[in-house]
Amino acid sequence: MVKLSNPQETIRILQKYEFQFKKKLGQNFLIDSHVTDKIIEAAEIRKNDFVLEIGPGIGTMTQHLCEHAGQVLAVEIDSSLIPILQETLAPYDNVVVRQGDILKQDIPAIAREYNGGRPVKVVANLPYYITTPIIMGLFESRVPLANVTVMVQKEVAERMQAKPGTKEYGALSLAVQYYAKPYLAANVPPNCFMPRPAVGSAVIRLDCLQGTPVEVEDESLMFRLIRASFNQRRKTLQNGIANSPELSFTKGEVAAVLTDLGIAETIRGEKLGLPEFAALANALGRKSVIKKESDM
């Protein structure tokens, strides 16, 4: 059987089905077997694993997953790719292809149906515009996850693993690191794809944490504080929070809490890590409760 990681085979199958790339879906298909090998290695795929693949495209990565995993469920949003996948994956009896939007799938139900509720391994090649919603959707669904290994724009991968005080550090860094430990597995140049993207890509593995790395009483409040602090990155933390339409804290209230926590009033959000944001959320949350009780 000819592998799709052979560029000539990719061209042949695309021409056979007269496939037209859809720019709005950010479609770039892998044509390098070295990269697929790196993804398999990074995800630590084993014969007893169930793998959820998001965006299989024409099945290049899926073929390799089928040869290394026990069971694969591939979810593809583009209905025009389904006939191609039926051909390219015909030799494998351990794969199910489902047409649909991954954001509308019941991931916990998938884990129960295909893996008995055990931790799932996720592999995906994600376009920039949908990277964050998909990854955060997986984490927030609370589905049991072993790891999530994704191909993303290099810039996005760098943001996921960035540390406080760096230019790449932002809300995405904190959100990802609340749920997982990022590990950059490989850089992937544009010539590994068809068509060639304008920017470089990277394979990043997110090892999902068993528990949360910080103790926070209100996760929603913490993430609203994080978004507020990076929405206006050059403003001080207290100004960002006070100006946020998602929050109702005054500049004075924020300043008082920062002083209590031993944090400078002039600090910017980019200097704080998860422990500081959790402490800030806990303190402001309690202050909010006290204020509500006094108003009753």
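1. Let's start with helix H8 (residues 171–179), which is mostly covered, with eight of its nine residues buried. The buried ones are Leu172, Ser173, Leu174, Ala175, Val176, Gln177, Tyr178 and Tyr179. Buried here means under 20% relative accessible area, exposed means over 50%, and partly exposed is in between (1.4 Å probe, protein chains only). Helices (H or I, at least four residues) and strands (E, at least two) are DSSP runs, numbered from the N terminus.

2. A word on the source: this is a predicted model, in which local features need pLDDT of at least 70 and side-chain atom pairs count only at pLDDT 80 or more, while totals for chains, interfaces and linings use all residues. Residues are numbered from 1 along each chain as its sequence is written, and side-chain values use heavy atoms, with hydrogens and water left out.

3. Now the sheet. Seven strands form an open sheet with mixed pairing, in the order E4-E3-E2-E5-E6-E9-E7. Strand E4 (95–99) and strand E7 (180–188) are at the edges and have a single partner strand each, so one side of each lacks a neighbour in the sheet. On average, neighbouring strands of this sheet are turned by 15° against each other, direction ignored. Strands pair if DSSP finds at least two bridges between them; E2 (residues 50–54) and E3 (residues 71–76) do this in the parallel sense over five bridges. Phenylalanine 50 stands opposite glutamine 71 in E3.

4. Which strands does H8 touch as it packs on the sheet? H8 touches E7 and E9, and its direction makes about 115° with that of E7. Contact means heavy atoms within 4.5 Å; axes are lines fitted to C-alpha atoms, for helices over the stretch in contact, and angles run from 0 to 180 degrees between N-to-C directions.

5. A search of the whole structure finds nine aromatic pairs. Rings of Phe, Tyr and Trp (its six-membered ring) pair if their centres lie within 6.5 Å; planes under 30 degrees apart count as stacked, over 60 as edge-to-face and the rest as tilted. Phenylalanine 21 and phenylalanine 29 make a tilted pair, 5.2 Å centre to centre with 45° between the planes. Tyrosine 179 and phenylalanine 223 are stacked, at 6.4 Å centre to centre and 10° between the planes. Tyrosine 179 lies in H8 and phenylalanine 223 in helix H9 (residues 219–231), so this pair ties together parts 44 residues apart in sequence. Both residues, tyrosine 179 and phenylalanine 223, are buried.
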